[in-house]
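Please consult it alongside the sequence and the model shown here.

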Amino acid sequence: MNGGMTGMPREHLAWAGLAAMTVSFGLNFTMGVFFAPTVAEYGISATALAVAAAAGTAITGLAQHGIGSLLDRFGPKLVLIGGLTLISSSYLVLADVTRTWQFVAAYMVLGGLGFASSATLTVTTLLGRAHGSNAGPAMARAAIGINVGQLIAPWLATTLFGPVGVRGTFAILGAIGLAVTAVLAVVLPADQRVATSAGAAQSLADQWKVLVGLGLHAATLYAVVLMLPKHAVEQGWTVTGAGRLVALAALAAGVTSAAMVRLLRQHSPETLLRALYSVRLVALLAAMFVPGPQVLVVVAVLFGIASFPVIPLTMAILSRGLDPARMGRTLAPAWVTHQLAAAAGLGVATVVHALTDSYRGYFALGAMFTIAAALLITPVRHREPVTV
C-alpha cells in the first residue's frame, strides 16, 4: 500500500513526521517552562496560565473531529503545514502581546488549534496511509520527535531567558518553528486522493477499553509534564533547573521511543504498554512518598520513560486495519478523548494545588489512573486490513 503518496520514499516519511512532531510537541509542552517567568514578565497570575493551558488543551480536543474531516478531504500534508504555521505563529504573537487577555487568547486559540492539526492524529494519518497495518514501527520512530522537541525546546528556552528575555525567547522559538515548517512544505510529497473502499463507515466502538486507557493516560501525562517545573520550583529548584527536568524526562522518553521501533517487531503493543504503565506507577509513587527535592530527578527519568512512548503504541492498536480514506475521521474520537481528558486533568490538578498547596494529591490520582489503564489494556479483536 502506498496510500497514494508519491515523491518521497515511504520509509522517509517517518523522519518527516519526527521533524513535525519536534516542532509541534516542543512548542506545546515548552509552555510549562514559560509559566514561572511569564508571571513576572507579563504580570499574569499563575492561575490564569493554568486555566489557559486547560482551555487550550480542550480546544485541541474539540477540534479533532474537524481536523479528521480535513485530513480525509485535503490530505495530511496541507493540514500538517497549516497546523505548524499556527502553533509557530502563536509564539511570535506571544512575544508582542501586552494584555492578559491577548496572551490567553493567543495561547488558547492559535496554540490550541495549531497543536490540534499538527500533532499525533495528523502524523498517524500520514504514516497510516503510507504503511497500512504495519505502521507501528514508523509511528514509534516519528514519536521520537515528541521527545526531541521536549529536549531541545525547554533547554533552548531556559538558555535564552537570560540573554534575550522571555519575549525574545518566544520570538526565536516561533521563528525556528516557521523555518522547519517551510522545509517540510518543500520536501513532503503532495497529497493524493485516496479511493474509499466499499462498506460501512468504521468506528472505534470495539476499542472502547483502549480509548478509556488513552484518556486516563492523557489526564496524567499533561498535568505532570506541564506542572512538574512549577512543582520543582516549590521544592526549592531554580527556574532553570526545573525547566531542565522536562528536558531530562524528554531524553528518557526519546530513548524509550527509539527502543520501541525494534521492540514492536517482537512484542505486541499491549505487552509493551503494560510494561510502561508499571514504570509510570513507580515514578508517581516516588513523587508522592520519597522526601527531598532531588528525588524529582528519578521521577523525571521514570515518568519520561513511560510518558509519550505510550502514544504510538496506543495508535498502533487503534489504527489496525483502518480504511486509509477514512482514517482521519475514524481516529478523531481517540484524540477528542485524549485532549479533553488532558484538559480535565490540568483543571483537577489546578484545583488540587489550590486546595492543598501541592501537586502530590494529583500524583496519587495519577497512580490510580495508571493502574486502571494497565488493567484495561487487554488483547483486542484485530480488524482485517482494508485494501484499496
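Five helices, α1 (10-42), α2 (46-62), α4 (76-94), α5 (100-118) and α8 (208-234), each supply at least two residues of the lining of the largest cavity. Helices (H or I, at least four residues) and strands (E, at least two) are DSSP runs, numbered from the N terminus. The model is predicted: local features need pLDDT of at least 70, side-chain atom pairs count only at pLDDT 80 or more, and totals for chains, interfaces and linings use all residues. Residues are numbered from 1 along each chain as its sequence is written, and side-chain values use heavy atoms, with hydrogens and water left out.

**Overall fold**

- The chain has 14 helices and zero strands.
- Its radius of gyration is 20 Å, close to the 21 Å that the globule rule gives for 388 residues, so the chain is as compact as a globular protein of that length. The radius is taken over C-alpha atoms, and the globule rule is 2.2 Å times the number of residues to the power 0.38.
- The C-alpha trace spans about 60 × 45 × 30 Å along its principal axes.
- Of the 388 residues, 58% count as buried; buried means under 20% relative accessible area, exposed over 50%, and partly exposed in between (1.4 Å probe, protein chains only).
- Of the contacts with a separation of 6 or more, 86% are between residues 24 or more positions apart. Contact means heavy atoms within 4.5 Å.
- The accessible surface comes to about 14,400 Å², and 68% of that area belongs to carbon and sulfur atoms. Accessible areas come from the Shrake-Rupley method with a 1.4 Å probe; for residues, only the protein chains shown count as cover.

**Cavities**

- A search of the whole structure finds five cavities of 30 Å³ or more. On a 1 Å grid over the protein atoms alone, a cavity is a set of points where a 1.4 Å probe fits but cannot get out, whereas a pocket is an open set with protein on both sides within 12 Å along at least five of seven lines; lining residues have an atom within 4 Å of a point. Grid points are joined across faces, edges and corners, and a volume is the space filled by probe spheres set on the points.
- The largest cavity holds about 160 Å³ of space. Its lining comprises 19 residues, of which Asn-28, Met-31, Tyr-107, Gly-111 and Gly-112 are the closest to its centre.
- Helix α2 gives the most to the lining of the largest cavity, namely five residues.
- That lining has 11 nonpolar, eight polar and no charged residues. Ala, Val, Leu, Ile, Met, Phe, Trp, Tyr, Cys and Pro count as nonpolar, Asp, Glu, Lys and Arg as charged, and the others, Gly among them, as polar.
- The second largest cavity has a volume of about 80 Å³, and its lining residues include Gln-150, Val-224, Leu-228, Val-246, Phe-303 and Ser-307.
- Helices α8, α9 (239-263) and α11 (295-305) each supply at least two residues of the lining of the second largest cavity, which divides into eight nonpolar, three polar and no charged residues.

**Second largest pocket**

- This pocket has a volume of about 220 Å³. Among its 13 lining residues, Thr-22, Val-23, Ile-152, Ala-153 and Ile-176 are the closest to its centre.
- The elements that give two or more residues to the lining of the second largest pocket are α1 and α7 (136-187), with α7 providing the largest share, eight residues.
- By class, the lining of the second largest pocket has nine nonpolar, four polar and no charged residues.

**Selected residues**

- Thr-38 lies in helix α1 and counts as buried because its relative accessibility is 0%. Leaving aside neighbours within four places in sequence, Thr-38 is in contact with Gly-43, Ile-44, Leu-49, Phe-103, Val-166 and Phe-170.
- Pro-76 is placed in helix α4 and is buried, with a relative accessible area of 1%. Its contacts, again leaving aside neighbours within four places in sequence, are Leu-71, Thr-122, Leu-126, Arg-129 and Asp-191.
- The C-alpha atoms of Pro-76 and Thr-125 are separated by 6.6 Å, although these residues are 49 apart along the chain.
- Asp-357 lies in the loop between α13 (327-356) and α14 (360-376), and at 61% relative accessibility Asp-357 counts as exposed. Phi of Asp-357 is near 60°, a positive value in a residue other than glycine. Most residues other than glycine have a negative phi.
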